[in-house]
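I opened the model today to look up a helix and a loop residue. My notes are below.

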Amino acid sequence: MEGKRKRGGKKKTRKKKDAKVRVAAPHSSDESEDRGVESPGVEFGLAFASRHCAVQPLGNLLFTGKQNIRDPGLGSLQRLSDEIVSDILALLDAKDLARSGVSSKAFYVFSHQEALWRNLVLAELKGGFLFQGSWRKTYVSARSAWTKVRYFYSDYLFQSWLCASVEIKDEWISRDNIERRSHLSVDDFVRDFERLNKPVLLTDAINNWPALKRWNQDYLLDLCGDVDFAAGPADMTLSNYFVYAKSVKEERPLYLFDPKFGEKVPQLAADYEVPVYFREDLFSILGKERPDYRWLILGPARSGSSFHIDPNSTSAWNAVVKGSKKWILYPPGAVPPGVHPSPDGVDVATPVSITEWFMNFYHETKRGKHKPVECVCKAGEVVFIPNGWWHIVINLEDSIAITQNYVSRSNILNVLDFLNKPNSQDLVSGTKDRVNLYDKFKSRYEELHPGSLEQLRNEKRAQESQKKRSVWESVTSGGDFRFNFGS
(Lines give C-alpha, C1' and ligand atoms only; values in the text may rest on other atoms or scores of the structure.)
Protein backbone atom coordinates (compact mmCIF):
# COMPACT_ATOMS: atom_id res chain seq x y z
CA MET A 1 0.00 0.00 0.00
CA GLU A 2 1.14 3.44 -0.85
CA GLY A 3 3.09 5.24 1.82
CA LYS A 4 2.33 3.26 4.95
CA ARG A 5 4.70 1.94 7.55
CA LYS A 6 7.00 -0.47 5.70
CA ARG A 7 8.62 -3.60 6.92
CA GLY A 8 11.07 -2.36 9.50
CA GLY A 9 12.94 0.89 9.14
CA LYS A 10 13.85 2.92 6.08
CA LYS A 11 17.29 4.25 5.31
CA LYS A 12 17.74 7.03 2.78
CA THR A 13 20.92 7.02 0.74
CA ARG A 14 22.37 9.18 -1.99
CA LYS A 15 23.47 7.35 -5.12
CA LYS A 16 26.91 8.56 -6.14
CA LYS A 17 27.11 9.01 -9.90
CA ASP A 18 30.25 9.58 -11.92
CA ALA A 19 28.38 11.12 -14.83
CA LYS A 20 28.12 14.89 -14.94
CA VAL A 21 24.67 16.41 -14.67
CA ARG A 22 23.66 19.40 -16.70
CA VAL A 23 20.49 21.38 -16.30
CA ALA A 24 18.49 22.87 -19.11
CA ALA A 25 17.93 26.18 -17.37
CA PRO A 26 20.13 28.34 -15.09
CA HIS A 27 19.37 28.25 -11.39
CA SER A 28 20.74 31.64 -10.45
CA SER A 29 20.63 35.18 -11.75
CA ASP A 30 24.40 35.65 -11.65
CA GLU A 31 26.60 36.31 -14.63
CA SER A 32 26.68 33.74 -17.41
CA GLU A 33 29.89 32.12 -16.24
CA ASP A 34 28.20 31.24 -12.94
CA ARG A 35 25.16 29.57 -14.47
CA GLY A 36 24.68 25.85 -14.80
CA VAL A 37 27.51 24.99 -17.17
CA GLU A 38 26.49 22.38 -19.70
CA SER A 39 28.82 19.45 -19.26
CA PRO A 40 28.49 16.00 -20.82
CA GLY A 41 25.99 13.75 -19.07
CA VAL A 42 22.30 13.55 -18.29
CA GLU A 43 20.19 16.62 -18.89
CA PHE A 44 17.23 17.57 -16.75
CA GLY A 45 14.77 20.39 -17.25
CA LEU A 46 13.89 22.51 -14.23
CA ALA A 47 10.41 23.10 -12.90
CA PHE A 48 11.45 26.27 -11.08
CA ALA A 49 14.59 28.30 -10.40
CA SER A 50 16.61 28.72 -7.23
CA ARG A 51 15.87 31.80 -5.16
CA HIS A 52 19.21 32.01 -3.36
CA CYS A 53 22.46 30.14 -2.70
CA ALA A 54 23.28 29.12 -6.25
CA VAL A 55 24.98 25.83 -5.40
CA GLN A 56 26.39 24.15 -8.47
CA PRO A 57 27.55 20.56 -9.05
CA LEU A 58 31.21 20.04 -8.29
CA GLY A 59 32.04 19.17 -11.89
CA ASN A 60 31.13 22.70 -12.99
CA LEU A 61 34.16 23.99 -11.09
CA LEU A 62 36.36 22.60 -13.86
CA PHE A 63 34.76 24.94 -16.39
CA THR A 64 34.81 28.23 -14.49
CA GLY A 65 38.39 28.71 -13.37
CA LYS A 66 37.06 30.08 -10.09
CA GLN A 67 37.96 29.01 -6.57
CA ASN A 68 35.40 26.96 -4.66
CA ILE A 69 34.51 29.23 -1.72
CA ARG A 70 33.63 26.12 0.25
CA ASP A 71 37.16 25.37 1.43
CA PRO A 72 38.30 28.79 2.68
CA GLY A 73 34.85 29.36 4.14
CA LEU A 74 35.02 26.18 6.22
CA GLY A 75 38.58 26.73 7.40
CA SER A 76 39.97 23.71 9.24
CA LEU A 77 36.65 21.90 8.73
CA GLN A 78 37.20 21.76 4.97
CA ARG A 79 38.64 18.26 5.38
CA LEU A 80 35.21 16.97 6.36
CA SER A 81 32.79 15.82 3.71
CA ASP A 82 29.68 17.88 2.98
CA GLU A 83 27.55 15.12 4.50
CA ILE A 84 29.47 15.26 7.79
CA VAL A 85 29.32 19.07 7.95
CA SER A 86 25.57 18.85 7.39
CA ASP A 87 25.21 16.20 10.07
CA ILE A 88 27.10 18.41 12.56
CA LEU A 89 24.88 21.41 11.81
CA ALA A 90 21.83 19.20 12.30
CA LEU A 91 22.82 18.96 15.99
CA LEU A 92 22.47 22.74 16.48
CA ASP A 93 19.40 24.57 17.67
CA ALA A 94 17.87 27.33 15.54
CA LYS A 95 19.83 30.16 17.16
CA ASP A 96 23.22 28.50 16.73
CA LEU A 97 22.35 27.36 13.22
CA ALA A 98 21.49 30.95 12.27
CA ARG A 99 24.68 32.22 13.89
CA SER A 100 26.79 29.75 11.94
CA GLY A 101 25.35 31.18 8.76
CA VAL A 102 26.94 34.58 9.32
CA SER A 103 30.43 33.26 9.95
CA SER A 104 31.24 32.81 6.26
CA LYS A 105 29.54 32.45 2.91
CA ALA A 106 30.27 28.73 2.99
CA PHE A 107 28.53 28.30 6.33
CA TYR A 108 25.73 30.51 5.03
CA VAL A 109 25.08 27.96 2.28
CA PHE A 110 25.28 24.99 4.62
CA SER A 111 23.08 26.57 7.28
CA HIS A 112 20.35 27.44 4.76
CA GLN A 113 19.67 23.85 3.77
CA GLU A 114 15.92 23.36 3.83
CA ALA A 115 16.28 19.93 5.39
CA LEU A 116 17.91 21.40 8.53
CA TRP A 117 15.15 23.94 9.07
CA ARG A 118 12.46 21.43 8.22
CA ASN A 119 13.73 19.20 11.04
CA LEU A 120 13.66 22.12 13.47
CA VAL A 121 10.13 23.14 12.49
CA LEU A 122 8.74 19.63 12.80
CA ALA A 123 10.59 18.89 16.05
CA GLU A 124 9.76 22.13 17.86
CA LEU A 125 6.56 23.42 16.29
CA LYS A 126 5.04 19.99 15.59
CA GLY A 127 1.99 20.65 13.42
CA GLY A 128 1.38 24.15 14.76
CA PHE A 129 2.85 26.17 11.92
CA LEU A 130 1.73 27.96 8.78
CA PHE A 131 4.11 27.27 5.93
CA GLN A 132 5.76 30.46 4.62
CA GLY A 133 7.26 29.20 1.37
CA SER A 134 10.45 27.83 2.93
CA TRP A 135 11.19 26.03 6.15
CA ARG A 136 13.58 28.70 7.39
CA LYS A 137 11.04 31.45 6.78
CA THR A 138 8.45 29.31 8.48
CA TYR A 139 10.66 29.05 11.55
CA VAL A 140 11.44 32.73 11.89
CA SER A 141 7.95 33.73 10.61
CA ALA A 142 9.39 36.62 8.65
CA ARG A 143 10.98 37.11 5.23
CA SER A 144 14.69 37.66 5.56
CA ALA A 145 16.96 39.18 2.96
CA TRP A 146 18.96 36.51 1.22
CA THR A 147 22.69 36.94 0.79
CA LYS A 148 23.79 36.21 -2.75
CA VAL A 149 26.56 33.63 -2.79
CA ARG A 150 28.67 32.71 -5.81
CA TYR A 151 31.41 30.19 -6.50
CA PHE A 152 30.19 27.51 -4.09
CA TYR A 153 30.45 23.98 -5.50
CA SER A 154 29.07 20.84 -3.86
CA ASP A 155 27.52 17.76 -5.42
CA TYR A 156 25.84 16.85 -2.12
CA LEU A 157 24.04 20.17 -1.66
CA PHE A 158 23.30 20.58 -5.37
CA GLN A 159 21.64 17.15 -5.55
CA SER A 160 18.98 18.10 -3.02
CA TRP A 161 18.15 21.30 -4.88
CA LEU A 162 18.13 19.51 -8.24
CA CYS A 163 15.74 16.80 -7.00
CA ALA A 164 13.35 19.50 -5.80
CA SER A 165 13.57 21.47 -9.04
CA VAL A 166 13.84 19.00 -11.90
CA GLU A 167 10.84 18.52 -14.16
CA ILE A 168 9.13 15.13 -14.20
CA LYS A 169 10.21 13.61 -17.51
CA ASP A 170 7.64 12.28 -19.96
CA GLU A 171 9.56 9.01 -20.26
CA TRP A 172 9.07 8.41 -16.52
CA ILE A 173 5.29 8.32 -16.89
CA SER A 174 4.70 7.26 -20.51
CA ARG A 175 5.09 3.50 -20.04
CA ASP A 176 1.79 1.90 -19.01
CA ASN A 177 1.59 -1.90 -19.15
CA ILE A 178 -0.84 -2.83 -16.38
CA GLU A 179 -3.97 -4.78 -17.29
CA ARG A 180 -7.04 -2.55 -17.16
CA ARG A 181 -10.47 -4.06 -16.51
CA SER A 182 -14.04 -2.85 -16.23
CA HIS A 183 -17.34 -4.65 -15.57
CA LEU A 184 -15.36 -7.35 -13.80
CA SER A 185 -17.23 -9.87 -11.65
CA VAL A 186 -15.95 -10.69 -8.16
CA ASP A 187 -15.37 -14.33 -9.15
CA ASP A 188 -13.33 -13.26 -12.18
CA PHE A 189 -11.29 -10.86 -10.06
CA VAL A 190 -10.48 -13.59 -7.53
CA ARG A 191 -9.63 -16.14 -10.24
CA ASP A 192 -7.67 -13.91 -12.61
CA PHE A 193 -5.91 -11.53 -10.23
CA GLU A 194 -6.20 -12.16 -6.50
CA ARG A 195 -5.32 -15.89 -6.58
CA LEU A 196 -2.62 -15.26 -9.18
CA ASN A 197 -1.24 -12.40 -7.07
CA LYS A 198 -1.38 -10.16 -10.14
CA PRO A 199 -1.89 -6.35 -10.18
CA VAL A 200 -4.82 -4.85 -12.06
CA LEU A 201 -6.25 -1.38 -12.59
CA LEU A 202 -10.05 -1.22 -12.20
CA THR A 203 -11.61 1.62 -14.16
CA ASP A 204 -15.18 1.55 -12.81
CA ALA A 205 -15.01 0.23 -9.24
CA ILE A 206 -15.83 3.50 -7.44
CA ASN A 207 -18.22 5.23 -9.81
CA ASN A 208 -20.84 5.50 -7.08
CA TRP A 209 -18.63 7.16 -4.46
CA PRO A 210 -19.98 10.52 -3.21
CA ALA A 211 -16.35 11.49 -2.60
CA LEU A 212 -15.74 11.75 -6.36
CA LYS A 213 -18.12 14.72 -6.54
CA ARG A 214 -17.64 16.19 -3.08
CA TRP A 215 -13.98 16.02 -2.25
CA ASN A 216 -12.29 19.25 -3.18
CA GLN A 217 -10.39 21.73 -1.08
CA ASP A 218 -13.44 23.84 -0.18
CA TYR A 219 -15.50 20.84 0.91
CA LEU A 220 -12.71 19.37 3.00
CA LEU A 221 -11.87 22.68 4.66
CA ASP A 222 -15.51 23.27 5.59
CA LEU A 223 -15.84 19.72 6.89
CA CYS A 224 -12.57 19.31 8.78
CA GLY A 225 -10.24 22.24 8.19
CA ASP A 226 -9.42 22.52 11.89
CA VAL A 227 -8.86 18.78 12.41
CA ASP A 228 -5.33 17.50 12.97
CA PHE A 229 -4.13 14.84 10.52
CA ALA A 230 -0.88 12.88 10.40
CA ALA A 231 1.57 14.39 7.90
CA GLY A 232 4.87 12.58 8.20
CA PRO A 233 6.31 13.14 11.67
CA ALA A 234 3.89 15.97 12.50
CA ASP A 235 0.18 16.40 13.08
CA MET A 236 -1.15 19.39 11.14
CA THR A 237 -4.56 20.91 10.73
CA LEU A 238 -5.89 20.32 7.25
CA SER A 239 -6.07 24.06 6.58
CA ASN A 240 -2.39 24.48 7.46
CA TYR A 241 -1.46 21.49 5.33
CA PHE A 242 -3.22 22.96 2.29
CA VAL A 243 -1.25 26.19 2.77
CA TYR A 244 1.96 24.17 2.93
CA ALA A 245 1.13 21.99 -0.09
CA LYS A 246 0.27 25.01 -2.24
CA SER A 247 3.69 26.65 -1.92
CA VAL A 248 6.14 23.88 -1.05
CA LYS A 249 9.11 23.33 -3.34
CA GLU A 250 11.33 20.72 -1.74
CA GLU A 251 12.83 17.33 -2.46
CA ARG A 252 10.54 15.33 -0.16
CA PRO A 253 7.22 17.10 0.40
CA LEU A 254 5.33 16.14 3.54
CA TYR A 255 2.62 13.60 2.78
CA LEU A 256 -0.67 13.67 4.66
CA PHE A 257 -1.27 10.02 5.44
CA ASP A 258 -3.76 9.49 8.25
CA PRO A 259 -4.92 6.04 9.52
CA LYS A 260 -7.59 7.43 11.87
CA PHE A 261 -9.44 9.77 9.53
CA GLY A 262 -12.66 7.76 9.76
CA GLU A 263 -12.75 8.07 13.54
CA LYS A 264 -11.79 11.75 13.45
CA VAL A 265 -14.28 12.71 10.75
CA PRO A 266 -16.98 10.05 10.27
CA GLN A 267 -18.39 11.87 7.24
CA LEU A 268 -15.18 11.15 5.34
CA ALA A 269 -15.72 7.43 5.88
CA ALA A 270 -19.36 7.82 4.85
CA ASP A 271 -18.33 9.41 1.52
CA TYR A 272 -16.94 6.13 0.17
CA GLU A 273 -17.45 2.40 0.42
CA VAL A 274 -15.10 -0.53 -0.04
CA PRO A 275 -15.27 -1.74 -3.67
CA VAL A 276 -17.05 -5.06 -3.97
CA TYR A 277 -13.84 -6.89 -4.91
CA PHE A 278 -12.19 -6.25 -1.53
CA ARG A 279 -14.98 -6.78 0.98
CA GLU A 280 -13.69 -10.10 2.29
CA ASP A 281 -11.42 -8.54 4.90
CA LEU A 282 -10.54 -11.21 7.45
CA PHE A 283 -8.52 -8.93 9.73
CA SER A 284 -11.86 -7.32 10.60
CA ILE A 285 -12.60 -10.26 12.94
CA LEU A 286 -10.10 -8.68 15.35
CA GLY A 287 -12.26 -5.59 15.75
CA LYS A 288 -10.41 -2.73 17.39
CA GLU A 289 -7.32 -4.93 17.81
CA ARG A 290 -6.73 -5.20 14.06
CA PRO A 291 -3.65 -3.42 12.66
CA ASP A 292 -4.07 -0.06 10.91
CA TYR A 293 -5.74 -0.75 7.61
CA ARG A 294 -7.15 2.39 5.96
CA TRP A 295 -5.65 5.78 5.19
CA LEU A 296 -6.69 9.15 3.82
CA ILE A 297 -3.91 10.42 1.53
CA LEU A 298 -3.32 14.00 0.37
CA GLY A 299 -0.22 15.39 -1.26
CA PRO A 300 1.13 17.87 -3.80
CA ALA A 301 2.99 16.95 -6.97
CA ARG A 302 6.25 15.07 -6.23
CA SER A 303 4.98 13.70 -2.94
CA GLY A 304 4.46 9.99 -2.63
CA SER A 305 5.94 6.77 -1.30
CA SER A 306 9.38 5.34 -1.99
CA PHE A 307 9.79 1.64 -2.73
CA HIS A 308 8.27 -0.63 -0.09
CA ILE A 309 6.30 -3.83 0.43
CA ASP A 310 2.98 -3.47 2.21
CA PRO A 311 2.97 -4.42 5.89
CA ASN A 312 2.05 -7.80 7.36
CA SER A 313 2.01 -9.50 3.92
CA THR A 314 -1.40 -7.98 3.20
CA SER A 315 -2.79 -7.02 -0.19
CA ALA A 316 -4.13 -3.54 -0.83
CA TRP A 317 -6.25 -1.32 -3.04
CA ASN A 318 -5.68 2.37 -3.74
CA ALA A 319 -8.43 4.59 -5.17
CA VAL A 320 -7.68 8.06 -6.57
CA VAL A 321 -10.40 10.61 -5.85
CA LYS A 322 -8.61 13.68 -7.24
CA GLY A 323 -5.42 14.03 -9.28
CA SER A 324 -3.24 11.24 -10.67
CA LYS A 325 -0.45 8.93 -9.52
CA LYS A 326 2.39 7.11 -11.27
CA TRP A 327 2.88 3.52 -10.05
CA ILE A 328 5.81 1.13 -10.57
CA LEU A 329 5.46 -2.40 -9.17
CA TYR A 330 7.94 -5.30 -8.99
CA PRO A 331 6.82 -8.88 -8.23
CA PRO A 332 7.83 -10.75 -5.07
CA GLY A 333 11.48 -11.74 -5.12
CA ALA A 334 12.46 -9.08 -7.68
CA VAL A 335 14.17 -6.26 -5.80
CA PRO A 336 13.92 -2.93 -7.68
CA PRO A 337 17.13 -1.19 -8.78
CA GLY A 338 18.52 1.15 -6.14
CA VAL A 339 16.72 -0.68 -3.32
CA HIS A 340 18.71 -2.66 -0.74
CA PRO A 341 16.72 -4.61 1.86
CA SER A 342 18.52 -6.18 4.80
CA PRO A 343 18.63 -10.01 4.85
CA ASP A 344 16.02 -10.18 7.63
CA GLY A 345 13.73 -7.65 5.91
CA VAL A 346 13.76 -5.26 8.88
CA ASP A 347 15.57 -2.41 7.13
CA VAL A 348 15.41 -1.09 3.57
CA ALA A 349 17.93 1.36 2.10
CA THR A 350 16.56 3.52 -0.73
CA PRO A 351 17.49 6.82 -2.40
CA VAL A 352 16.68 9.91 -0.35
CA SER A 353 13.71 10.92 -2.47
CA ILE A 354 11.39 9.55 -5.12
CA THR A 355 12.69 12.02 -7.68
CA GLU A 356 16.25 10.93 -7.02
CA TRP A 357 15.26 7.33 -7.69
CA PHE A 358 13.67 8.28 -11.02
CA MET A 359 16.71 10.35 -12.01
CA ASN A 360 19.26 7.67 -11.17
CA PHE A 361 17.49 4.34 -11.54
CA TYR A 362 14.40 4.54 -13.74
CA HIS A 363 16.42 3.77 -16.87
CA GLU A 364 17.39 0.43 -15.30
CA THR A 365 13.75 -0.69 -15.29
CA LYS A 366 14.06 -1.24 -19.04
CA ARG A 367 16.80 -3.81 -18.52
CA GLY A 368 17.16 -6.90 -16.42
CA LYS A 369 15.22 -10.12 -16.03
CA HIS A 370 12.19 -8.67 -14.28
CA LYS A 371 10.30 -5.83 -15.95
CA PRO A 372 8.00 -3.84 -13.66
CA VAL A 373 4.30 -3.27 -14.01
CA GLU A 374 3.66 0.45 -14.56
CA CYS A 375 0.64 2.70 -14.83
CA VAL A 376 -0.81 6.13 -14.21
CA CYS A 377 -3.91 5.86 -12.03
CA LYS A 378 -6.33 8.76 -12.52
CA ALA A 379 -9.33 10.02 -10.56
CA GLY A 380 -12.06 7.39 -10.41
CA GLU A 381 -9.65 4.46 -10.88
CA VAL A 382 -8.37 1.83 -8.45
CA VAL A 383 -5.09 -0.10 -8.38
CA PHE A 384 -4.97 -3.56 -6.81
CA ILE A 385 -1.58 -4.22 -5.17
CA PRO A 386 -1.05 -7.94 -4.40
CA ASN A 387 0.89 -9.03 -1.35
CA GLY A 388 4.67 -9.05 -1.55
CA TRP A 389 4.95 -6.64 -4.50
CA TRP A 390 7.47 -3.81 -4.24
CA HIS A 391 5.98 -0.50 -5.36
CA ILE A 392 6.77 3.20 -5.61
CA VAL A 393 4.18 5.95 -6.08
CA ILE A 394 4.58 9.61 -7.04
CA ASN A 395 1.81 12.18 -7.33
CA LEU A 396 1.85 13.88 -10.72
CA GLU A 397 -0.39 16.68 -9.41
CA ASP A 398 -2.23 17.62 -6.24
CA SER A 399 -3.96 14.37 -5.34
CA ILE A 400 -6.44 12.87 -2.88
CA ALA A 401 -6.83 9.11 -2.41
CA ILE A 402 -8.16 6.39 -0.16
CA THR A 403 -6.22 3.19 0.40
CA GLN A 404 -6.87 0.07 2.45
CA ASN A 405 -5.04 -3.14 3.28
CA TYR A 406 -6.96 -6.36 3.59
CA VAL A 407 -6.67 -10.13 4.06
CA SER A 408 -8.79 -12.56 2.04
CA ARG A 409 -8.87 -16.36 1.90
CA SER A 410 -6.59 -16.13 -1.14
CA ASN A 411 -3.88 -14.62 1.05
CA ILE A 412 -4.52 -15.66 4.65
CA LEU A 413 -1.90 -18.41 4.65
CA ASN A 414 0.79 -15.92 3.52
CA VAL A 415 -0.27 -13.50 6.26
CA LEU A 416 -0.17 -16.17 8.95
CA ASP A 417 3.26 -17.36 7.80
CA PHE A 418 4.50 -13.77 7.94
CA LEU A 419 3.06 -13.13 11.41
CA ASN A 420 4.63 -16.36 12.69
CA LYS A 421 8.20 -15.60 11.59
CA PRO A 422 10.86 -15.76 14.33
CA ASN A 423 11.50 -12.01 14.03
CA SER A 424 7.85 -11.09 13.48
CA GLN A 425 7.86 -8.56 16.31
CA ASP A 426 10.38 -6.54 14.27
CA LEU A 427 8.38 -6.90 11.04
CA VAL A 428 4.76 -6.53 12.12
CA SER A 429 3.44 -2.97 11.97
CA GLY A 430 0.29 -0.96 12.60
CA THR A 431 -0.50 -2.50 15.99
CA LYS A 432 0.60 -2.05 19.60
CA ASP A 433 0.66 -5.80 20.18
CA ARG A 434 3.20 -7.17 17.71
CA VAL A 435 3.99 -10.26 19.76
CA ASN A 436 0.50 -11.79 20.02
CA LEU A 437 -1.04 -10.79 16.69
CA TYR A 438 -0.45 -14.22 15.14
CA ASP A 439 -2.08 -16.15 17.96
CA LYS A 440 -5.02 -13.76 18.20
CA PHE A 441 -5.74 -13.81 14.49
CA LYS A 442 -5.27 -17.55 13.99
CA SER A 443 -7.35 -18.62 16.98
CA ARG A 444 -10.15 -16.19 16.20
CA TYR A 445 -10.31 -17.29 12.56
CA GLU A 446 -10.34 -20.99 13.45
CA GLU A 447 -13.07 -20.33 15.99
CA LEU A 448 -15.26 -18.75 13.30
CA HIS A 449 -14.24 -21.06 10.45
CA PRO A 450 -13.22 -24.45 11.89
CA GLY A 451 -11.24 -26.61 9.48
CA SER A 452 -10.91 -23.81 6.93
CA LEU A 453 -7.15 -23.34 7.31
CA GLU A 454 -6.41 -27.01 6.81
CA GLN A 455 -8.63 -27.05 3.73
CA LEU A 456 -6.78 -24.02 2.33
CA ARG A 457 -3.42 -25.69 3.00
CA ASN A 458 -4.55 -28.85 1.19
CA GLU A 459 -5.71 -26.77 -1.78
CA LYS A 460 -2.37 -24.96 -1.84
CA ARG A 461 -0.41 -28.21 -1.76
CA ALA A 462 -2.55 -29.57 -4.59
CA GLN A 463 -1.95 -26.44 -6.69
CA GLU A 464 1.81 -26.62 -6.08
CA SER A 465 1.81 -30.30 -6.99
CA GLN A 466 -0.10 -29.57 -10.18
CA LYS A 467 2.41 -26.91 -11.13
CA LYS A 468 5.28 -29.36 -10.67
CA ARG A 469 3.50 -31.99 -12.80
CA SER A 470 2.83 -29.40 -15.51
CA VAL A 471 6.51 -28.48 -15.66
CA TRP A 472 7.49 -32.17 -15.85
CA GLU A 473 4.94 -32.91 -18.56
CA SER A 474 6.23 -29.99 -20.62
CA VAL A 475 9.64 -31.66 -20.95
CA THR A 476 8.47 -35.25 -21.44
CA SER A 477 6.71 -37.03 -24.27
CA GLY A 478 3.91 -39.57 -24.03
CA GLY A 479 3.88 -42.00 -21.12
CA ASP A 480 7.39 -43.42 -21.43
CA PHE A 481 8.92 -40.44 -19.57
CA ARG A 482 11.65 -39.91 -22.12
CA PHE A 483 12.80 -36.32 -22.50
CA ASN A 484 11.53 -34.58 -25.59
CA PHE A 485 14.12 -32.13 -26.85
CA GLY A 486 12.29 -31.11 -29.98
CA SER A 487 9.41 -31.81 -32.31
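The entries go from the helix to its packing partner and then to the loop.

Entry 1, the model. I am working with a predicted model.

I looked up helix H8, which covers residues 155-165. I find 8 of its 11 residues buried, so the rest of the structure largely encloses this helix. The buried residues are Leu-157, Phe-158, Gln-159, Trp-161, Leu-162, Cys-163, Ala-164 and Ser-165.

I checked the beginning of the helix and found a side-chain oxygen of Ser-154 within 3.4 Å of the backbone nitrogen of Tyr-156.

I then looked at how H8 packs with helix H16, residues 354-361. The angle is about 95°, and the axes are 9 Å apart. Since angles of 65 to 115 degrees count as roughly perpendicular, I put H8 down as roughly perpendicular to H16. From H8, the contact takes in Gln-159, Leu-162 and Cys-163. From H16, I list Thr-355, Glu-356, Met-359 and Asn-360. Sorted by class, the contact of H8 with H16 has 3 nonpolar, 3 polar and 1 charged residues. Gln-159, Leu-162 and Cys-163 are also among the buried residues of H8.

I located Lys-432 in the loop between helix H18 (424-427) and helix H19 (437-448). Is Lys-432 buried or exposed? Its relative accessibility is 88%, so I count Lys-432 as exposed. I also noted its separation from Arg-290: 142 residues in sequence, and 9.7 Å in space from C-alpha to C-alpha.

Conventions:
Residues are numbered from 1 along each chain as its sequence is written. This is a predicted model: local features need pLDDT of at least 70, side-chain atom pairs count only at pLDDT 80 or more; totals for chains, interfaces and linings use all residues. Side-chain values use heavy atoms; hydrogens and water are left out. Buried means under 20% relative accessible area, exposed over 50%, partly exposed in between (1.4 Å probe, protein chains only). Helices (H or I, at least four residues) and strands (E, at least two) are DSSP runs, numbered from the N terminus. A polar contact is a pair of N or O atoms within 3.5 Å; within protein, one must be able to donate a hydrogen and the other to accept it, and residues adjacent in sequence count only if both atoms are side-chain atoms. Axes are lines fitted to C-alpha atoms, for helices over the stretch in contact, and angles run from 0 to 180 degrees between N-to-C directions. Angles under 35 degrees count as roughly parallel, over 145 as roughly antiparallel, 65 to 115 as roughly perpendicular and the rest as oblique. Contact means heavy atoms within 4.5 Å. Ala, Val, Leu, Ile, Met, Phe, Trp, Tyr, Cys and Pro count as nonpolar, Asp, Glu, Lys and Arg as charged, and the others, Gly among them, as polar.
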